[in-house]
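Student: I have a model on my screen and would like to go through it step by step. Can you take my questions in turn?

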2 protein chains.
Amino acid sequence: MRLLEIAEVRFNDAGLVPVVVQQHNSGKVLMLAWANAETLRESIELGEMVYFSRSRNERWHKGETSGNTQRIVDLSLDCDGDTVLAIVDSHGPACHNGTETCFEEH
Amino acid sequence: MRLLEIAEVRFNDAGLVPVVVQQHNSGKVLMLAWANAETLRESIELGEMVYFSRSRNERWHKGETSGNTQRIVDLSLDCDGDTVLAIVDSHGPACHNGTETCFEEH
């Protein structure tokens, strides 16, 4: 498992970085979420994705209430350091609508 | 080919939406880019991805100078309308560093 260096991440003015979340075996893009330095660090320590919810303005441990957690398989940073790619093993659907990904009709 | 409805896109305060770009056959996530309404419309008309470069603050037709264009296979919107997933056929490497994706070591 590659794990990115948080010191290398270029967060935006709000202290956030977009995280592209991809299912490890199907290759499907599940969702785009946002993280700050703290939730990235927590993700790495926990081995599961923890985001920052922009709408609720709070830490968001994905699956904490739904059970649909995302175990980290690989975390990498793009060439200019401002996007994270999280390859995960999603336990259950990623979307709050109950679909496997957030990019499906429902 | 699905094509999103631009009227349904929720652009951010800067008038931009993040675009997750995925290679259609390998499933690899190539990059994350940004588009505005105008470049999304142009992408759909052209059948190739046109972005908005935040660093150069201008329209950016991917591959116009490098030849590494991205033909659109599918364009969809996520459940809350604030992220685009572009499934493309990339002609050549997506990254300006010459790697296939922007998420590789170089």
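**Strands, chains and the axis**

Tutor: Start with a pair of strands: S1(B) and strand S6 (residues 84–90) of chain B run parallel and are joined by five bridges. Strands here are DSSP runs (E, at least two residues), helices are runs of H or I with at least four, and both are numbered from the N terminus. Two strands pair if DSSP finds at least two bridges between them. This is a predicted model, where local features need pLDDT of at least 70, side-chain atom pairs count only at pLDDT 80 or more, and totals for chains, interfaces and linings use all residues. Residues are numbered from 1 along each chain as its sequence is written, while chains are lettered from A and ligands numbered from 1 in the order in which they are written.

Student: Which residue in S6(B) is the bridge partner of Val19(B)?

Tutor: Look across from S1(B) to S6(B), which run parallel. There, Val19(B) has as its bridge partner Val84(B).

Student: Which strands stand at the edges of the open sheet in chain B?

Tutor: The sheet has four strands with mixed pairing, in the order S2-S1-S6-S5. An edge strand has a single partner strand, so one side is left without a neighbour in the sheet. The strands at the edges are S2 and strand S5 (70–77) of chain B.

Student: Which elements give two or more residues to the side of chain B that touches chain A?

Tutor: Contact means C-beta atoms, placed from the backbone, within 7 Å. By that rule, 17 residues of chain B are in contact with 17 residues of chain A. The elements are strand S1 (17–23) and strand S2 (29–35) of chain B.

Student: What kind of axis relates the two copies?

Tutor: Copies are superposed by least squares on the C-alpha atoms of residues with pLDDT of at least 70 in both. Chain B is laid on chain A by a turn of 180° and a shift of 0.0 Å along the axis, with an RMSD of 0.0 Å. The copies are thus related as by a two-fold rotation axis.

Student: Which residue of chain B comes closest to the rotation axis?

Tutor: Judge by the C-alpha atom. At 2.7 Å, the closest residue of chain B is Gly27(B).

Student: What pLDDT does chain A average?

Tutor: pLDDT is the predictor's confidence in each residue, from 0 to 100. In chain A, 98% of the residues score at least 70. The average is 95.

Terms used. Contact = placed C-beta atoms within 7 Å.
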